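The following paragraphs lead the reader through a protein structure step by step. Please keep the sequence and the three-dimensional view at hand while reading.

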Protein chains: 2
Amino acid sequence: MKAEIITIGDELLIGQTIDTNSAWLGAELSKMGIELNRKTAIKDGKQDILDAVSESLGRVDLVIITGGLGPTKDDITKNTLAEFYSCGMRRDDEVLAHLAKLFADRGREMLDSNKEQADVPELCHTLFNNHGTAPGMWFEKNGQVVISMPGVPSEMKGIFTEMCIPKLSDAFQLPTIVHETMVVLGIPESLLSRKLESIELSLPEHIKLAYLPAYNVIRLRLSGYGKSEANIKSEIQKYYSLIAKACGEHLLALEDTQPMKFLSNWFIDHKVSIAAAESCTGGLIGQSIVKNPGVSSIYNGSINAYANDIKVKELSVSQDLLNKEGAVSEACAKAMAQAVRIKFGTELGISSTGIAGPDGGTETKKVGTIYLAVSNGKETMVKKFHLFGNRERFMDRSVNAMAFMINLFLRKHYQFEPLELQD
Amino acid sequence: MKAEIITIGDELLIGQTIDTNSAWLGAELSKMGIELNRKTAIKDGKQDILDAVSESLGRVDLVIITGGLGPTKDDITKNTLAEFYSCGMRRDDEVLAHLAKLFADRGREMLDSNKEQADVPELCHTLFNNHGTAPGMWFEKNGQVVISMPGVPSEMKGIFTEMCIPKLSDAFQLPTIVHETMVVLGIPESLLSRKLESIELSLPEHIKLAYLPAYNVIRLRLSGYGKSEANIKSEIQKYYSLIAKACGEHLLALEDTQPMKFLSNWFIDHKVSIAAAESCTGGLIGQSIVKNPGVSSIYNGSINAYANDIKVKELSVSQDLLNKEGAVSEACAKAMAQAVRIKFGTELGISSTGIAGPDGGTETKKVGTIYLAVSNGKETMVKKFHLFGNRERFMDRSVNAMAFMINLFLRKHYQFEPLELQD
């Protein structure tokens, strides 16, 4: 069973919007055993839509369209699909009532352009939108399904999860694809690839290994194709364990996760509290903890000490240390991590100090240099990293480098080892 | 002149990587007056690549491929392109020397798999990669150009900027498309659309207005098509001014920018210092300032006071206020903003306190409620917002809602008005 995604919108083509919808949809389809054959982004022109839908239906039996449904004038998807299926439009009463309620709840006047959102092609089954105004649409003809959903990510995800997944399971006989992913940190792709070379060469034809590197994190994904889910799973599990062991201390998680999300959940589960003292990362490391639900049991706050005087005033870093070693130094990172755990009364303190660039680098401390520390009062572990890329990438890489530091620290001081590996 | 982008990689289709490359490329092409006709994401299979390249060359004369070039075994783009152009491979000496130097500089051993990155199809012109290992490739045949670049964003961007832009200007006669964008905050799309309806109806056929909403920010883009850049620009400018005026206090910037980036630069230019006291946003607002280069002149730090006891201890919020009003209240937001500007000695203090969810909501204070405050010592402005979406979206929306608050505050207390508008 194969599918294609068509995303509609000039904004995707001239680069003013980054398409996150199709990545999410691809992951959902993959979990259902539907192979995504292709994604196509097109302009919001009638002929572009008609061509892309026809072409996709020539290759696959399921086409999912996102975007081009909304209250403004640049949305033409709905009428184009009515033309594609040679049908007129009808106003959907259930959708209209939902819209009226939404507007009343928010105390906003309902405009004619809002009411028109309840109009759908006669031939479609309406996919009710609990998360917004424009409904989704489901067309079924000659065993082929075309789904159209609005481009707002929360609405698209809601409609797909609540309305499409159940209908897809009914409509198609789905084959079996199994993916198993692990998250690896602190090692370049080429070195990792060399470590795993002999395992990779021993993989059977129907099991594939992919390296998915992103900002100092590498996701390793094994994909198995076949008929029996149980058989593929157990076969994949064998190679998965071999690879996990070969990764050693670089292995963070035996699942597909964000490193700091994984660690935040570990902190919650193990009641280990943590606070951050950040310089160059300006709050992003603390935020990478806060963005996960439920962290209030292990996190109460952080200090962003961007300037030296704040490091002195709020974190008691000595002026002498700053004069001798500089703010971007092992000693400063250590002092910050130690101070913040005392200030916030937590079990662990973490810190960052570095040169995010583009300016501020020197011959001995180049742009991209960062010291990261983790302290539990007994030991303060500190390491220097050199992170590549611009200021924004530096920030993202810093968070993942911090996850690697925490991983090393937890392995040393806590029972932190990914689930018992099979032999 | 039209182009298409092909992105290669199973990871794009099963949703483990979000494609930011093609958005960046789309924006660059657009600036050059090259219209992006379509973007296609395909698997890293030989036939998929051959099909997609042939199809794109059937529609347009410029095809840009990203991804599928790297040191690991799942990369087959290079050999497939050699097959497409019916040529063999050659080892590029300049690239090999560059690789050897890179590895020596980093003190890393050069593996055979690394050396193979210097192999390119005989028919291509090598696009030197100053930012990484795998070179890009430029193929030219029958007036059609195919460019292939690695998928690592910094490398792709470097190669495109340094190597491709000059060659493209030489290779093609480029027509004229002019885009003008403005950033609007704090108003729903449907209300904005109504405000602008009469202007929109008066637009000539060759000028289009698009609404690009993203997390409480709307970008309005006027696009003009024609022959003379000067004529289109002056014609667009007329409508652009009309629209900007109609947006009133919701207009932040007469350019395409990130709201907090725009404001950070304004703070730097006007020497206005700022500090943040954040609760629910956990550091993201401070980070939205820090992530811009050069902010050390106006920013020295922030407090993330996630827990109530930290609000009391670090920001002197009174326990009495917290008992009576709660942490998620107008009074608490005010107290935090006032305290943080004094603590950090800045001209402005800003604060956030709210319920990011998914838990913690009540009948009167629902998930998504947030109070945002801005203080200059004389006045503390505070507003309540209700932000839709999950915890992560809540965070992003909060930053933009804060930008709207700052916009209102600066309009009231400073000469903060987008450039003098033409009459």
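**From one residue to the whole assembly**

Lys324(B) is exposed, because 10 other C-beta atoms lie within 10 Å, and a residue counts as exposed when that number is 12 or fewer. The model is a predicted one. Lys324(B) belongs to helix α14 of chain B, which comprises residues 319-325. Between the C-alpha atoms of Lys324(B) and Tyr371(B) there is a separation of 16 Å, and the two residues are 47 residues apart along the chain.

Strand β16 of chain B (residues 369-375) pairs with β17(B) in the antiparallel sense, over seven bridges. Within this pairing, Tyr371(B) stands opposite Lys384(B), a residue of β17(B).

To which sheet do these strands belong? Ten strands form an open sheet with mixed pairing, in the order β17(A)-β16(A)-β15(A)-β13(A)-β14(A)-β14(B)-β13(B)-β15(B)-β16(B)-β17(B). At the edges stand β17 (380-386) of chain A and β17 (380-386) of chain B; each has a single partner strand, so one side of each is left without a neighbour in the sheet. On average, neighbouring strands of this sheet are turned by 15 degrees against each other, direction ignored. Helix α13 of chain B (residues 308-315) lies across β14 (301-305) of chain A as well as β13 (274-278) and β14 (301-305) of chain B, and this helix runs at about 145 degrees to β14(B). In a regular strand, the side chains alternate between the two faces of the sheet.

The contact between the two chains may now be considered. It takes 71 residues from chain A and 73 residues from chain B. On the side of chain B that touches chain A, 28 residues are nonpolar, 26 are polar and 19 are charged.

Of its 423 residues, 50% are buried. Among the contacts in chain A with a separation of 6 or more, 65% are between residues 24 or more positions apart.

One helix of chain A illustrates how buried residues may be arranged. Helix α3 of chain A (residues 46-59) has 14 residues and reaches 21 Å from its first C-alpha to its last, close to the 20 Å expected at 1.5 Å a residue. Which residues of α3(A) are buried? They are Asp48(A), Ile49(A), Ala52(A), Val53(A) and Ser56(A). Seen down the axis of α3(A), these buried residues fall within an arc of 120 degrees, and therefore line one face of the helix. An α-helix has 3.6 residues a turn, so residues three or four places apart point the same way. The face of α3(A) turned away from the buried side carries the exposed residues Gln47(A), Ser54(A) and Gly58(A). The cover over the buried residues of α3(A) includes β1 (2-8), β2 (35-42), β3 (62-66), α4 (77-84) and β8 (144-149) of chain A.

Strands β10 (residues 207-214) and β11 (residues 217-226) of chain A run antiparallel and are joined by eight bridges. Pro213(A) stands opposite Ile218(A) in β11(A). Two residues lie between the strands of this hairpin, in which Tyr215(A) takes a positive phi near 50 degrees.

Technical notes: Residues are numbered from 1 along each chain as its sequence is written. Chains are lettered from A and ligands numbered from 1 in the order in which they are written. This is a predicted model: local features need pLDDT of at least 70, side-chain atom pairs count only at pLDDT 80 or more; totals for chains, interfaces and linings use all residues. Helices (H or I, at least four residues) and strands (E, at least two) are DSSP runs, numbered from the N terminus. The expected span of a helix is 1.5 Å times one less than its number of residues. A residue is buried if 20 or more other C-beta atoms lie within 10 Å of its own, exposed if 12 or fewer, and partly exposed in between; C-beta atoms are placed from the backbone. The arc is that of the directions from the helix axis to the C-beta atoms. Two residues are in contact if their C-beta atoms, placed from the backbone, lie within 7 Å. Two strands pair if DSSP finds at least two bridges between them. Ala, Val, Leu, Ile, Met, Phe, Trp, Tyr, Cys and Pro count as nonpolar, Asp, Glu, Lys and Arg as charged, and the others, Gly among them, as polar. Axes are lines fitted to C-alpha atoms, for helices over the stretch in contact, and angles run from 0 to 180 degrees between N-to-C directions.
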